[in-house]
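Reader: I am new to this structure and would like to go through some of its contacts with you, one question at a time.

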Amino acid sequence: MFKPNILIADDHPLLLRGLEEFLKEKKYNIISTHADGLSAYNAIIKDKPDIAILDIEMPNLTGVDVAKNCKRHGMDTKVILITLHKEKKFFEEAVKYNIHGYLLKEFALSEIEACIASVCRGEPYFSEKIYKRFTHIGEGNSDIDKLTPSEIKILKRIAEEMTSTEIAELLSISVRTVEKHRANIIRKLTLEQKPNALLIWSQKNKQLLL
């Protein structure tokens, strides 16, 4: 079974040590631990871990800042955020910056193994409590029923973070057709005309696209 190389960063020494010891006990390869975001980010550049488990609030750089930088520079390291926050804005930031896992600290030890396994399969993982709170599954069903099979196919690709050009190539259609579908989906789902609106919706409602 594949065991990824993992970096951990948290400015709370007890939490940092607790998570490190728990994962080492489970035979995970912890390559380094850090007490602030900047040293964690420098280590990600240098050591290229498979996964970085980061506290959302740290000195110098926050977990979200580190994730932003990783995305901006096209790094392969997958970011899992651990947080005390249950506010929607943090969840939406996590989706926006390509964060692969989002765990509440109170459930971190009980969920971390499932999260790592999911991330290794290329599937995002969000704490169940957070997921239920912000995805509003019941609300989405009636909206998704309005979509055509072609639109659902495109929405699935958006959830996989494919660009319009990549979707067009994959489905052998023009980029213009993809953009037209995107506009129709936004209208039918009554989403705000904001960058990443479709990506955020599709990531949060992935289970509706299965």
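Reader: Which side chain does Asp55 meet in a salt bridge?

Author: This is a predicted model, in which local features need pLDDT of at least 70 and side-chain atom pairs count only at pLDDT 80 or more, while totals for chains, interfaces and linings use all residues. Residues are numbered from 1 along each chain as its sequence is written, and side-chain values use heavy atoms, with hydrogens and water left out. A salt bridge here is a side-chain nitrogen of Lys or Arg within 4 Å of a carboxyl oxygen of Asp or Glu. At 3.2 Å, N to O, the partner of Asp55 is Lys105.

Reader: How many residues apart in sequence are the parts that Asp55 and Lys105 tie together?

Author: Strands (E, at least two residues) and helices (H or I, at least four) are DSSP runs, numbered from the N terminus. Asp55 belongs to strand 3 (residues 51-55), whereas Lys105 sits in the loop between strand 5 and helix 5, so the parts tied together are 50 residues apart.

Reader: Is Lys105 buried or exposed?

Author: Buried means under 20% relative accessible area, exposed over 50%, and partly exposed in between (1.4 Å probe, protein chains only). Because its relative accessibility is 15%, Lys105 counts as buried.

Reader: Which residues do salt bridges that share partners join into one network?

Author: Besides its bridge to Asp55, Lys105 meets the side chain of Asp10 in a salt bridge of 3.4 Å, N to O. Through these shared partners, one network joins Asp10, Asp55 and Lys105.
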